[in-house]
Amino acid sequence: MRIVVVGGGFGGLACAKALGNSPHQVLVIDKKNFNLFQPLLYQVATGALSPADIAEPIRRVFKKYRNISTVMAEVERVDTATSHVVTSDGRQYPYDVLILATGSRYSYFGHDDWAQHATSLKTVEDARLIRTRLLTAFERAEKSTDPEEQRRLTTTVVIGGGPTGVEMAGAIAELGRWTLEGEFRNINPSSARVILVEGGQRLLGQFPEKLALYAQRELENLGVEIWLKRRVTEMDASGVRVDDERVPAGTIVWGAGVTATPAAQWLGLETDRTGRIPVEADLSVVGFPGIYALGDITAFTQDDKFLPGLAQVAKQQGRHLGEGLRSATEPGQKLAPFRYHDRGNTAVIGRHAAIFDFGRHRMKGRLAWLLWAIVHVYLLVNAEKRALVSLQWLWRYITKARGVRLIP
Ligand SMILES: Cc1cc2nc3c(=O)[nH]c(=O)nc-3n(C[C@H](O)[C@H](O)[C@H](O)COP(=O)(O)OP(=O)(O)OC[C@H]3O[C@@H](n4cnc5c(N)ncnc54)[C@H](O)[C@@H]3O)c2cc1C
């Protein structure tokens with residue numbers, strides 16, 4: 001069978017790998033030529049790692065599988081009548097089985113114009129832009145003679161108290177406090193403000209309250225101001241309005257709303273508010289035998305709850321689907337139902353603390369941080385990246401340095 005996988009992220013890659021050296025002809029289409037390890041993007045955004053440390057050419061991943069080929073192209077639509085995927089360069093790719101794994105993107109709750117001021121963290125470009133904005137703000141503050149402007153430029157507002165917001169706020173606070181400290185003559189980077197704004201009652205809504213409170217305390221120890229039950233109502237190039245309070249800021253980071261990429265529209269599907277594709281237990285798209293969806297773009301229900309948008313969900317779904325299709329003989333064949341096994345949820349706060357929620361067991365503190373580091377290194381795509389990232393972390397742990405601080 002001709003199997004086309006759209007998206008070479010966590011889910012698509014796991015699925016195609018499971019089909020490696022199978023009797024099927026597999027084509028992976030991605031608009032980028034690399035697979036990105038998004039959980040460590042915040043370290044690129046704060047100068048700790050470089051993009052190449054957490055990205056791997058998709059072509060290289062599949063080098064050893066003769067039945068898998070790769071195309072770099074952006075899919076624009078799917079012609080279900082003729083079973084073709086159509087890309088933005090006008091090419092068409094036929095399929096017998098189609099797998100959609102295009103992931104999610106950030107949503108600005110109807111304020112799309114905010115995107116120009118508040119950078120989200122999803123791509124390498126996003127991470128680079130945040131890093132540039134952060135470092136440029138400090139450089140401009142050093143040149144300014146106006147204390148108010150210096151204060152504004154060295155204030156960062158992070159919007160959204162989920163794992164991305166928490167990780168970003170912690171890393172930005174450490175950047176000012178430890179890395180840049182002593183390098184400037186007219187400003188004191190360690191007194192830079194980092195404000196984390198969250199509309200809900202507490203941070204990290206998907207974690208148990210005790211762990212979330214611990215994370216909050218650790219962030220406060222790093223000097224992060226946490227504003228709960230408050231909402232950003234306006235935004236421009238020089239700051240934000242939070243409820244009725246104007247907050248001048250040099251850098252704004254967005255980590256609030258997530259929505260699916262528009263793959264559902266390619267199939268003309270009705271979706272929920274987040275744009276996710278409804279799938280059957282075997283991950284086939286409801287009403288489209290032979291078309292499957294996995295990862296962040298799917299609305300998969302297990303035990304009456306939707307599975308969260310996590311890398312481990314996408315990976316497990318990808319592997320399950322690939323293994324199921326390996327022995328399939330015709331498109332649209334019913335496959336074994338998918339069941340997700342939760343291996344624990346984690347978030348990291350700075351370079352000393354993390355939280356782990358394993359369901360019945362929980363963990364926090366330095367030991368959790370060590371486990372977080374081991375797990376993330378292990379999950380990187382190959383041995384080269386693992387060695388590179390481990391070395392850099394060890395060096396940074398000892399020196400507090402962040403080596404990737406070039407402003408392009
Ligand atoms: C900053 C950040 C931190 C995170 N931290 C964690 C964490 O610690 N733990 C965890 O479990 N999860 C984490 N996640 C979530 C995790 O990254 C996602 O759940 C996971 O990436 C979903 O996998 P996916 O395969 O569905 O999509 P992705 O991995 O996003 O892959 C989608 C792929 O599709 C491609 N694509 C998109 N549109 C098109 C198109 N039209 N044509 C061709 N190609 C296309 C993209 O280029 C991309 O390669 C984090 C996410 C972010 C953004």
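Helices (H or I, at least four residues) and strands (E, at least two) are DSSP runs, numbered from the N terminus. By that reading, alanine 260 belongs to strand β19, which covers residues 257-260. The model is a predicted one, in which local features need pLDDT of at least 70 and side-chain atom pairs count only at pLDDT 80 or more, while totals for chains, interfaces and linings use all residues. Residues are numbered from 1 along each chain as its sequence is written, and side-chain values use heavy atoms, with hydrogens and water left out.

Alanine 260 is buried, with a relative accessible area of 6%, where buried means under 20% relative accessible area, exposed over 50% and partly exposed in between (1.4 Å probe, protein chains only). Between the C-alpha atoms of alanine 260 and serine 88, which stand 172 residues apart along the chain, the separation is 19 Å.

The chain is divided into domain 1 (2-31 + 73-103 + 261-326) and domain 2 (111-256 + 345-399), with bounds that come from an automatic or database domain assignment. Taken over C-alpha atoms, the centres of the two domains are separated by 32 Å. Both domain 1 and domain 2 give residues to the shell around the ligand, so the ligand lies between them.

That shell holds 28 residues, the closest being Gly11, Asp30, Val75, Asp296 and Ala311; a residue is near a molecule or strand if one of its heavy atoms lies within 4 Å of it. Helices α1 (10-18) and α9 (311-326) each supply at least two of the shell residues, and the largest share, three residues, comes from α9.

Individual atoms can then be followed to the ligand. A polar side-chain atom of aspartate 30 lies 2.6 Å from one of the ligand's oxygen atoms, whereas valine 75 places a backbone N or O atom 2.9 Å from a ligand nitrogen atom. For glycine 309, a backbone N or O atom is 3.3 Å from an oxygen atom of the ligand. Of the 1000 Å² of accessible area that the ligand has on its own, the protein covers 89%, with areas from the Shrake-Rupley method and a 1.4 Å probe.

The 20 residues of α4 (residues 124-143) should span 28 Å at 1.5 Å a residue, and the end C-alpha atoms are 29 Å apart, which agrees; the expected span is 1.5 Å times one less than the number of residues. Helix α6 (residues 163-179) reaches 22 Å from its first C-alpha to its last, close to the 24 Å expected. Of its 17 residues, 13 are buried, so α6 is largely enclosed by the rest of the structure.

Notes
A polar contact is a pair of N or O atoms within 3.5 Å; within protein, one must be able to donate a hydrogen and the other to accept it, and residues adjacent in sequence count only if both atoms are side-chain atoms.
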